Amino acid sequence: MQIKTITCHDVYNLGASLQAYALMKYLENCGHDVEIIDYKPFYLDHYFDFTMVSPRFDKPIIKWLYLIAKFPSRIAALKTRDAFDLFKRKYLKITNTRYTTNDDLKNNLPPADCYICGSDMIWNSEHHNGKDPAFFLEFVPDNKRKIAYAASFAIEYIVPEYKMKNQQWINRLDAISVREDTALKILANINIKRGVHVVDPVFLLSATEWNKIARFPTESERYIFVYDFEKNPLIKKIAIQYAKKENCKIFSVYPTSYADRSFPHLAPDEFLAMIKNANLVITNSFHGIAFSIIYRRNFFTIKRQGQAVNSRMESLLRMCNLENRLITDEKNADQILNSNIEYDTISSQLEEKIAFSKKYLEENI
C-alpha cells in the first residue's frame with residue numbers, strides 16, 4: 001500500500017526527527033511504500049536563518065549591530081543544521097514536492113492510498129501546528145483513508161477559539177489515536193469518544209532496529225548523559241553527585257559549566273548512541289525518557305516549567321509503571337539515586353502496549 005505521513009519532520013529537534021523516521025521505517029518494515037510529505041509552512045521554516053527576530057531591531061544601524069552580535073551563534077547553529085540535514089538525506093524518504101500551505105496540498109495532492117498524521121505535538125493549538133488544518137489531514141479527500149497515529153496535543157486543553165475547528169477536523173478522520181492518555185480527556189471534551197491511546201512511534205522499532213543507525217560521536221567512556229532544556233539546578237546537582245559517586249564523566253547536549261564535554265551539534269543518530277552507551281541518563285525530555293526505556297538505561301527525569309510539558313512525560317512514565325523515576329525535589333532525588341530500574345518487571349506491560357499499537361495500525365490502514 002502507498003502511504004504518506006505528515007508530521008514535524010524538519011524542525012531541527014532530535015525527538016521530532018526520530019519519531020518521523022520511526023513511523024516511516026515501521027510501515028516500510030510492514031511492506032508498505034512510505035513517504036513523508038515535505039510540508040514546511042512559514043512557521044516551521046525559520047530555523048537558523050539570519051533574519052531579524054523582531055521588527056523593533058529592523059533599523060539600519062541597530063540591524064547591523066544586532067546581526068554582528070548574533071553572527072557567532074548563528075554560524076555555530078549552522079553545524080547543527082548540517083547534522084540534521086545529513087540525517088534527513090540519509091534516512092528520511094520525503095516527497096519530491098515541498099508544500100507550504102494546506103491549499104498547496106489540496107491543489108497538488110501527494111498520491112497515496114492512506115494518509116497518516118502524527119506524532120509529536122502536531123495538535124498543539126497554542127502553537128501554529130494545532131491551528132493548521134494540514135496536520136489534521138483536512139486536505140485529504142473523503143474517499144481516501146485518513147488516520148491519526150499518536151497525535152499529541154502536548155497541552156491539557158484546546159485553545160477555546162479552535163475547539164470547534166479541531167472537533168470538525170478530527171471527526172473527519174477514519175481512525176484516531178493519541179500519544180498521551182490525557183489526550184483522551186481532551187477528545188472527550190469535544191465529544192469525540194473513539195480515540196485510543198498508543199505508544200509514540202519510536203517504540204514501534206526495537207533497540208536492535210535502532211542500533212542499525214546509531215552512531216557514537218566520541219570514544220567509549222563511562223559517562224552520565226544529560227539532556228536538559230532548562231539548565232535546571234537540580235539536574236546539575238544530581239549529575240555532579242552521581243558522577244563523583246560512580247567515577248563517571250558528565251556529557252551534555254547543551255553547553256554547561258559542569259559537564260566534561262558538551263555536544264551541541266548532536267545529530268539524531270548520534271543521540272541514539274549517546275543514550276545507548278550511557279551509565280545514567282538525566283533528562284527533562286520526552287524522547288530522552290523514551291530512548292532510555294528502549295535501551296534499558298538507568299535514568300531520572302526532572303519536572304520542567306509548565307504542567308503541559310510535564311504531562312506528556314508523566315503519561316509515558318505511567319504507561320511504563322516508572323513514575324518513581326520522576327524527581328520532584330532534593331529529598332526525592334536522594335531516594336531515587338540509590339535505586340535502579342528492574343526492566344524485566346516492566347517489559348511485559350510495555351510490550352503489550354506496543355503490540356496493541358502495532359495492531360491498531362495494521363487494522364486501520
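**Loops, helices and packing**

Analyst: Let's start with a loop: Asn191 lies in the loop between α5 and β7 (196-197). Helices (H or I, at least four residues) and strands (E, at least two) are DSSP runs, numbered from the N terminus. This is a predicted model, where local features need pLDDT of at least 70 and side-chain atom pairs count only at pLDDT 80 or more, while totals for chains, interfaces and linings use all residues. Residues are numbered from 1 along each chain as its sequence is written, and side-chain values use heavy atoms, with hydrogens and water left out.

User: Which residues does the cis peptide bond join?

Analyst: Gly118 and Ser119, with omega about 5°. Ser119 is in the loop between β4 (114-117) and β5 (145-151).

User: Zooming out, how many helices and strands are there?

Analyst: The protein has 12 helices and 13 strands. Buried residues make up 55% of its 365 residues.

User: OK, helix packing. At what angle do α1 and α12 pack?

Analyst: About 65°, with the axes of α1 (residues 14-29) and α12 (residues 343-364) 12 Å apart. Axes are lines fitted to C-alpha atoms, for helices over the stretch in contact, and angles run from 0 to 180 degrees between N-to-C directions. α1 and α12 are therefore roughly perpendicular (65 to 115 degrees; under 35 is roughly parallel, over 145 roughly antiparallel and the rest oblique).

User: Which residues make that contact?

Analyst: Leu23, Tyr26 and Leu27 from α1, plus Lys358, Leu361 and Glu362 from α12. Contact means heavy atoms within 4.5 Å.

User: Last one: which residues of α4 are buried?

Analyst: Asn166, Trp169 and Ile170, in α4 (residues 163-171). They're on the same side of α4 because they cover an arc of only 95° around the axis, the arc being that of the directions from the helix axis to the C-beta atoms. What covers the buried residues of α4 includes β6 (175-178) and α5 (182-189).

Notes
Buried < 20%, exposed > 50% of the residue type's maximum accessible area, 1.4 Å probe, protein only.
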